[in-house]
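Please keep the sequence and the structure in view while reading.

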Amino acid sequence: MTACTASLLCSCMSDEHDFDLTPSTQTGYGSLTIGLAADAQFSDTRALSEESYRNTANYSVKLYNASNDNVLVECKYSEIASYLPKKLEIGSYRIEASYGKEWPASRDQFLVTGSKTFTIRANEDTQVNVDCTPTCGRLSVAFDASMATYFDDYNVVYGGTKAMGSSTCVWAKADTEPWYVALDEAGETVNYTINLTAKDEYLHSSSDGSSSKEAQVTGTIQLQRNRAHKLTIAPNYKPTTDGGLSITITIDESTIDHEITWEVPVTWI
C-alpha cells in the first residue's frame, strides 16, 4: 500500500474560485489537507502492472462542492504537493480519487476509486483521508499439466454479473492472464462452466452403451471486490465401471492462501 499526504491545490483550478489559502483567521474559511491510500491486493501479471495501481501519484483527484456538485478542483494527485496550503469556504465538500478504467471484464485494465464527503469549519484545518480500492474481483484458472493426457480440449466460461449481462469471458486451456470482473459494491455471484472434451480412449460409456466426448461442470462463486478466486483443475481417472473420468477442483477464494479441494464427477451428456 502507498499512502501520502499533501495540501490540496492544482494548477488546473479555475480562476473563478477563491482558493488563496494560507491558513486564515477569517470567519467563514478553513483549510484542507488530504491523504490518499491505494489498496490493490492482487499480484502483478505480464499483461498488467498492478504496481501502477498502488502508486497514488497516478491518481486523478476531484474536489466537489457537495451542495451543488460543482467541480472545484481536478488534477493529478502528484500535482497537489507542489502548492501551498489553501483555504476553503465553510461548507460540505466531496473528494473523489481514481485510477484506471472499469470494464465488465478485462485482462489489462480495471478501476480503483474512492471518495469521502466532509465539512470545512471556520478556522479549522480539516484532514481528509481517501481510501481507494478496486471495483473488481480477480478470476484465474490453473489447469494441471496432466489434463492434456485425458482431454483434447477444456476451458472455463465465466458470466452472470450485472456488468457483463449476457456476455461472458473465457479462460482457454492455454491462457495464463487473470480476468478482472467489475462487481457491485456488495459483491456478486459469478457463474462458471467448465467445458471438457475427452480423448477417445477415455470416453464415458453409459449403461445403455452410448458414449460422449463432451461434458460440463457448472458452479457459482461468491466474489467480492479486491478479492481473488482461483480454480485449479486436475483430472482424476479411475479405470473402473463406477469410476471413470472426473476432475478435482482446488479453490483459493482469497488473496491469502486458502484452499478447499473436492472431487467433481463429470456428468457426461
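Is isoleucine 247 buried or exposed? This residue is buried, because its relative accessible area is 0%; buried means under 20% relative accessible area, exposed over 50%, and partly exposed in between, with a 1.4 Å probe and protein chains only. The model is a predicted one, in which local features need pLDDT of at least 70 and side-chain atom pairs count only at pLDDT 80 or more, while totals for chains, interfaces and linings use all residues. Residues are numbered from 1 along each chain as its sequence is written, and side-chain values use heavy atoms, with hydrogens and water left out.

Isoleucine 247 belongs to strand β19, residues 244-252. Helices (H or I, at least four residues) and strands (E, at least two) are DSSP runs, numbered from the N terminus. The C-alpha atom of isoleucine 247 is separated by 5.1 Å from that of asparagine 236, although the two residues are 11 residues apart along the chain.

The chain as a whole may now be considered. Its secondary structure consists of 3 helices and 21 strands. The chain has 269 residues, and 46% of them count as buried. Contact means heavy atoms within 4.5 Å. Among the contacts with a separation of 6 or more, 67% involve residues 24 or more positions apart. The accessible surface of the protein chain is about 13,500 Å², and carbon and sulfur atoms hold 45% of this area; such areas come from the Shrake-Rupley method with a 1.4 Å probe, and for residues only the protein chains shown count as cover.

The interior comes next. In soluble globular proteins, nonpolar side chains tend to be buried together. A nonpolar core is a set of buried Ala, Val, Leu, Ile, Met, Phe, Trp, Tyr and Cys residues joined through side-chain atoms within 4.5 Å. The largest such core in this model has 29 residues, and Phe151, Val156, Tyr158, Ile194 and Ile233 have the most contacts inside it. Strand β14, residues 188-198, supplies the largest share of this core, with 5 residues. Apart from this core lies another one of 27 residues, including Leu48, Val61, Val73 and Ile80.

Which residues does isoleucine 194 touch, not counting residues up to four places away in sequence? They are Asn155, Val156, Ala215, Gln216, Val217, Ile233, Ile247 and Ile249. Threonine 197 has its place in strand β14. Threonine 197 counts as buried because its relative accessible area is 15%. With residues up to four places away in sequence not counted, threonine 197 touches Phe151, Asp152, Asp153, Lys213 and Glu214.

Two strands pair if DSSP finds at least two bridges between them. Strands β14 and β17 run antiparallel and are joined by 10 bridges, and asparagine 195 stands opposite glutamine 216 in β17. In a regular strand the side chains alternate between the two faces of the sheet. Strand β17, residues 214-223, has Ala215, Val217, Gly219, Ile221 and Leu223 on its covered face, whereas Glu214, Gln216, Thr218, Thr220 and Gln222 are on its uncovered face.

Strand β11 (residues 151-159) pairs with β12 in the antiparallel sense over 5 bridges. Valine 156 has tryptophan 171 of β12 as its bridge partner. Strand β12, residues 168-172, has a covered face with Cys169 and Trp171, and an uncovered face with Thr168, Val170 and Ala172.

Elsewhere, glutamate 96 is found in strand β6, residues 91-100. How exposed is glutamate 96? It is partly exposed, because its relative accessible area is 28%. Leaving aside neighbours within four places in sequence, glutamate 96 is in contact with Ser60, Val61, Lys62, Tyr64, Gly114 and Ser115.

Aspartate 69, in the loop between β3 (60-65) and β4 (70-76), has a positive phi of about 65° although it is not a glycine. Asparagine 123, in the loop between β8 (111-120) and β9 (125-134), has a phi near 60°, a positive value in a residue other than glycine. Aspartate 69 counts as partly exposed because its relative accessibility is 42%, and asparagine 123 is partly exposed because its relative accessible area is 45%.
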